[in-house]
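Hi,

Here is the structure I promised to pass on. Have a look at it first, and then read my notes below.

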Amino acid sequence: MAIAKAERLMNLALCLLGTRRPLSKRELRGSIEAYLEAFGPGNAAAFGPGSAAPAGQAGESGADAVGGAAPGKRSGAGSSEDAFNRMFERDKDDLRELGLIIETVEGIDGEIGYLARRDSNRLPPITLDVEEAAALGLAAKVWQQARLAGAASGALQKLRAAGMPLAEDAYESQSALEPRIPVHEAAFEPLMLAARDRRTVVFDYHKANAARPEQRHVEPWILECWRGHWYLAGWDRDRGAERVFRLSRITGKVRSRAVPFTVPVPDHVTVRETVESWSGETATRTARITVRAGHGYPLRARATVTRDLGDGWDELEIPYGHGLDAWLVEFGPDVKVLEPAELRTDVLDRLRAVAKG
């Protein structure tokens, strides 16, 4: 079965690449042996591309043009046509998934035709050296998310077929150490596609200090992974300002809308700096906190000053940036904020929101 499908896809690809004009489904059905064997030529397909059966000829032998059924016994014609349409659409999608660019063209008579132009399906010369090829191979191993893993693997196969040199895998003999970017959030894929296609999205977002989720209308710019967490940067249409959203706080389904963007998308470097700032990595001040002895090791690793207070508590001075309040809440009663006052207030507000459920 796998060999038969591969041969059918190859024949369909050759037909689409070899034609100088768009071919309709009926023309492709009459030209590819696998379709003929499974479904017959179809209505008028046996009379050649672009032609129809001569008037009065379709029923001369008492047989219908579809499947050879006699007039009045056309119960199988519709089902055969539907089955062919389903197979053709699947084959077309499979070829596109493999990288073939198939154009859909509407003719003067309204009939839809298909073709794959050779210039659109030809890669430019590949000039990667061994080190660059090794970097691409390593990058392809990063993704754990199924959809991206398949795309990365397919891209590597196409590049190697086009002449990209094979590089020795430096991690092959060290299977215990493998690069990974985890993608567990259900919102990742719809947001990635919406950002790629420049489509606005709607989703419910649960802020750490809020009692319940709020609906957001966002123009998605880019997704960034920072310190093991995924963030979406974009334009919040309700607030009229740039915002960053942590994907783990998006609840429910992400819904996309065919609404054009209203704000120009900034360059990648600017967006990355924004994500870094919102994730708490850009510190502008210093906070003083107390941490219970034997707890808060990530906080201790960032501390610039540590003092033993006795009674099982230590005082830490750590860089204070956006998002620190949300991080401190995760340590619960093992952390207390001394200063600044606004940080202490933000942490207490978040704790009260958690207590309310």
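This is a predicted model: local features need pLDDT of at least 70, side-chain atom pairs count only at pLDDT 80 or more; totals for chains, interfaces and linings use all residues.

The mean pLDDT of the protein is 77, and 71% of its residues reach 70 or more.

Now the overall picture. The protein has 11 helices and 11 strands. Of its 357 residues, 32% count as buried. If you take the contacts with a separation of 6 or more, 56% of them join residues 24 or more positions apart. The accessible surface comes to about 20,900 Å², and carbon and sulfur atoms make up 53% of that.

On to the sheet. Five strands form an open sheet in the order E6-E5-E4-E3-E7, with antiparallel pairing. Its edge strands are E6 (241-246) and E7 (250-257), each of which pairs on one side only. From one strand to the next, the twist averages 40°. Strand E5 (residues 229-236) pairs with E6 in the antiparallel sense over six bridges, and one place to look is Ala-233, whose bridge partner in E6 is Val-244.

Helix H7 belongs with this sheet. H7 lies across E3, E4 (214-226), E5 and E7, and runs at about 90° to E4. Within H7 (residues 188-197), Phe-188, Leu-191, Leu-193, Ala-194 and Ala-195 are buried. As background, an α-helix has 3.6 residues a turn, so residues three or four places apart point the same way. Arg-198 is found in the loop between H7 and E3, and is partly exposed, with a relative accessible area of 40%.

What does the pair of Tyr-205 and Phe-245 tie together? Tyr-205 lies in strand E3 and Phe-245 in strand E6, so the pair links parts that are 40 residues apart in sequence. Phe-245 is buried, as is Tyr-205. Elsewhere, Tyr-35, Phe-39, Phe-84, Phe-88 and Tyr-114 form one aromatic cluster.

Next, a hairpin. Strands E9 and E10 pair in the antiparallel sense over five bridges, with two residues between them in the hairpin. Gly-310 stands opposite Trp-313 in E10. In the turn, Asp-311 has a positive phi of about 55°. Asp-311 sits in the loop between E9 (305-310) and E10 (313-321). Is Asp-311 buried or exposed? Asp-311 is exposed, with a relative accessible area of 80%. Strand E10 is another matter: eight of its nine residues are buried, so E10 is largely enclosed by the rest of the structure.

Trp-313 comes up again through Asp-334. Leaving aside residues up to four places away in sequence, Asp-334 touches Thr-290, Val-291, Arg-292, His-295 and Trp-313. Asp-334 is found in the loop between helix H10 (324-329) and strand E11 (335-339). Why does Asp-334 count as buried? Its relative accessibility is 18%, and buried means under 20%, so Asp-334 falls on the buried side of the cut-off.

One last thing to check on screen is a cis peptide bond, which runs from Glu-339 to Pro-340 and has omega near 5°. Pro-340 is found in the loop between E11 and helix H11 (341-356).

Methods: Residues are numbered from 1 along each chain as its sequence is written. Side-chain values use heavy atoms; hydrogens and water are left out. Helices (H or I, at least four residues) and strands (E, at least two) are DSSP runs, numbered from the N terminus. Buried means under 20% relative accessible area, exposed over 50%, partly exposed in between (1.4 Å probe, protein chains only). Contact means heavy atoms within 4.5 Å. pLDDT is the predictor's confidence in each residue, from 0 to 100. Accessible areas come from the Shrake-Rupley method with a 1.4 Å probe; for residues, only the protein chains shown count as cover. Two strands pair if DSSP finds at least two bridges between them. Axes are lines fitted to C-alpha atoms, for helices over the stretch in contact, and angles run from 0 to 180 degrees between N-to-C directions. Rings of Phe, Tyr and Trp (its six-membered ring) pair if their centres lie within 6.5 Å; planes under 30 degrees apart count as stacked, over 60 as edge-to-face and the rest as tilted.
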